[in-house]
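Good morning, colleagues. Please have the sequence and the model before you.

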Amino acid sequence: KSPLFVYQISQSRPDYYFTNEEWLLDLAPETSVQKLQEMLETRPAHIVTEGVTLLEKHNTSFLFETKSDQNQLLVISQNNLPGWWATIDGEKTDIHTFGTVFLSVRVPAGDHVVELKYLYGEIWKYFFKQNLGITL
């Protein structure tokens, strides 16, 4: 079972942005709510939307154009559920969980096209693997 975290962010964040908050990536399941709140309150966050352009958004996909002179962490305010896939310039890339719930992708410096798609079949694969030990 996964823990449920509830925490407060004093200022709302954009739907998608670049950030330097590497410490919020792939947090351990045992991270307490208090520890998460402390990280949010005490570590400086650099959040920018410049260099990120949303080209398309649908219920199951996002298409971004990114431009940056340095490597960036792109955060999308969408729950990271099993079934999301990401590509950068057509090449599959890893998706990270940001702040225990959101999608995040490491984007290299330069101009790129970042696409995220939700594939419904993947949720069933996850279900069978987690609950029945069957890998499809």
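One aromatic cluster is formed by Tyr16, Phe62, Phe64, Trp84 and Tyr118. Before the details, a word on the basis: this is a predicted model, in which local features need pLDDT of at least 70 and side-chain atom pairs count only at pLDDT 80 or more, while totals for chains, interfaces and linings use all residues. Residues are numbered from 1 along each chain as its sequence is written, and side-chain values use heavy atoms, with hydrogens and water left out.

How many aromatic pairs does the structure hold? There are four. Rings of Phe, Tyr and Trp, the last by its six-membered ring, pair if their centres lie within 6.5 Å; planes under 30 degrees apart count as stacked, over 60 as edge-to-face, and the rest as tilted.

Helices (H or I, at least four residues) and strands (E, at least two) are DSSP runs, numbered from the N terminus.

Trp84 also pairs with Tyr118: the ring centres are 5.4 Å apart and the planes stand at 65°, so the pair is edge-to-face. Because Tyr118 lies in strand β10 (residues 110–118) and Trp84 in strand β6, the parts tied together here are 34 residues apart in sequence.

Are these two residues buried or exposed? Trp84 is buried, with a relative accessible area of 9%, and Tyr118 is buried as well, at 13%. Buried means under 20% relative accessible area, exposed over 50%, and partly exposed in between, with a 1.4 Å probe and protein chains only.

I turn now to the loop. Leu27 sits between β1 (16–19) and α1 (33–42), and is partly exposed, with a relative accessible area of 21%. Leaving aside neighbours within four places in sequence, Leu27 is in contact (heavy atoms within 4.5 Å) with Leu36, Met39 and Thr100. Leu27 and Thr97, 70 residues apart in sequence, are 7.7 Å apart in space, C-alpha to C-alpha.

Finally, the helix. Leu36, Gln37, Met39 and Leu40 are buried in α1. The face of α1 turned away from its buried side carries the exposed residues Gln34, Glu41 and Thr42.
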